[in-house]
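Try each task before you read its solution.

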Amino acid sequence: QGVVVQVADSKIWVDDEVILDKENISGRVYDNGGRRIIPLFNVLVNKKNLVKQIEKATPEAQKFSGVVNLIVDKKIKYSVIKKILYTAAEAGYKSYKFVVLGEDN
């Protein structure tokens, strides 16, 4: 349940779709004093709105869970994780589950 946000050194994915590639940046990436990641925020809000529309149209549909499943490379700095959590909270996601990736096998 929830959306999957994967974070690596140069990219951020949401549900297996690249939403930010630091090597191909166009436009502003941050707002709110550099705390919120604009592309991530926009995708998360769109996903939340889609689930809520389906909820209204279909009584049996699953409700919006507000859960973000974070898959984070161990090299990612805490400051980046903090921005991701802030962005998710601003988009309406209040619960987090973490998966930390270790060394390559």
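Contact here means heavy atoms within 4.5 Å. This is a predicted model, where local features need pLDDT of at least 70, side-chain atom pairs count only at pLDDT 80 or more, and totals for chains, interfaces and linings use all residues. Residues are numbered from 1 along each chain as its sequence is written, and side-chain values use heavy atoms, with hydrogens and water left out.

**Exercise 1.** Find which residues Ile84 is in contact with, leaving aside neighbours within four places in sequence.

**Exercise 2.** Work out how many residues the largest nonpolar core has, and which element gives the largest share.

*Solution.* First, the rule: a nonpolar core is a set of buried (under 20% relative accessible area, 1.4 Å probe, protein chains only) Ala, Val, Leu, Ile, Met, Phe, Trp, Tyr and Cys residues joined through side-chain atoms within 4.5 Å. Next, the count is 23 residues, with Val5, Ile12, Leu40, Leu44 and Ile84 having the most contacts inside the core. Finally, H1 brings the largest share, 5 residues.

**Exercise 3.** Classify the pair formed by Phe64 and Tyr93.

*Solution.* Rings of Phe, Tyr and Trp (its six-membered ring) pair if their centres lie within 6.5 Å; planes under 30 degrees apart are stacked, over 60 edge-to-face, the rest tilted. Phe64 and Tyr93 sit 5.0 Å centre to centre with 75 degrees between the planes, so they're edge-to-face. Tyr93 is buried at 2% relative accessibility.

Notes: Buried means under 20% relative accessible area, exposed over 50%, partly exposed in between (1.4 Å probe, protein chains only). Helices (H or I, at least four residues) and strands (E, at least two) are DSSP runs, numbered from the N terminus.
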